[in-house]
Every structure is written in C-alpha cells, then in structure tokens.
Amino acid sequence: MEIPGIKQTGIKCDNETCDYSDDSVKSVDYTQWIDKACPKCGDNLLTQEAFDNSNSVMAKFSALVEALSEIIPEQEGEE
C-alpha cells in the first residue's frame, strides 16, 4: 500500500544474526518477497502475516492522515 508523502521502502531480514537488507525494494513490490528466503541466511524475509499486518497499519495511518487533513487547515506555502 502506498500513501502519498510517505516513503515505505526496503526490506530487512529479522534474524538477529543476519544483517541482510535491500533498500531498493519498493513497497509495491513487497508481495514478491512474501515467503521468500533471505539470500544471506535463508530465513523467511516476509511472512504473509507480517505483510497483512503492515498493510493494516498503513491503511489505518492513511485514514488518520485523511481525517486530519479535513480538520487541520493546510498551511500557506505547503502542499
């Protein structure tokens, strides 16, 4: 899920002993990483559950930003 003004990019292995990360991965491509093995240690890089949870959080954040934008007036000079 993409939210205008928010850059959610990159993927990182959660294994504490692994330092694999790839900052070039875009959030729109996260589905390609679900249940894929870390190229460095072999652990799962992104579970379906973690992907679903992330999308849920981002959807709630997006709704909050939208609601606040209706309440708080845009400052002059800001877009």
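## Model and confidence

Residues are numbered from 1 along each chain as its sequence is written. The model is predicted, with local features needing pLDDT of at least 70 and side-chain atom pairs counting only at pLDDT 80 or more, while totals for chains, interfaces and linings use all residues; side-chain values use heavy atoms, without hydrogens or water.

The mean pLDDT (the predictor's confidence in each residue, from 0 to 100) of the protein is 83, and 84% of the residues score at least 70.

## Fold and surface

The protein has 1 helix and 2 strands, in the order β-β-α from the N terminus. Helices (H or I, at least four residues) and strands (E, at least two) are DSSP runs, numbered from the N terminus.

Of the 79 residues, 20% are buried, where buried means under 20% relative accessible area, exposed over 50% and partly exposed in between (1.4 Å probe, protein chains only). The accessible surface (Shrake-Rupley method, 1.4 Å probe) is about 6200 Å², and carbon and sulfur atoms account for 50% of that surface. Of the contacts (heavy atoms within 4.5 Å) between residues at least 6 apart in sequence, 32% join residues at least 24 apart.

## Core and pocket

Beyond its neighbours within four places in sequence, Tyr30 contacts Gln8, Thr9, Gly10, Val25, Leu46 and Phe51.

The largest pocket holds about 310 Å³ of space. Its lining has 20 residues, of which Ile11, Tyr30, Leu45, Leu46 and Ala50 are the closest to the centre. Strand 1 (9-12) and helix 1 are the elements that give two or more residues to this lining, and helix 1 gives the most, with 5. A pocket is an open set of points on a 1 Å grid over the protein atoms alone, with protein on both sides within 12 Å along at least five of seven lines; lining residues have an atom within 4 Å of a point. Points are joined across faces, edges and corners, and the volume is the space filled by probe spheres set on them.

## Selected residues

Ser21 lies in strand 2 and counts as partly exposed because its relative accessibility is 39%. Outside four places in sequence, Ser21 contacts Ile11 and Lys12.

Asp35 lies in the loop between strand 2 and helix 1. The phi of Asp35, a residue other than glycine, is positive, near 60°.

Notes
1 Å grid on protein atoms, 1.4 Å probe; cavity = no way out; pocket = protein on both sides within 12 Å on 5 of 7 lines; lining within 4 Å.
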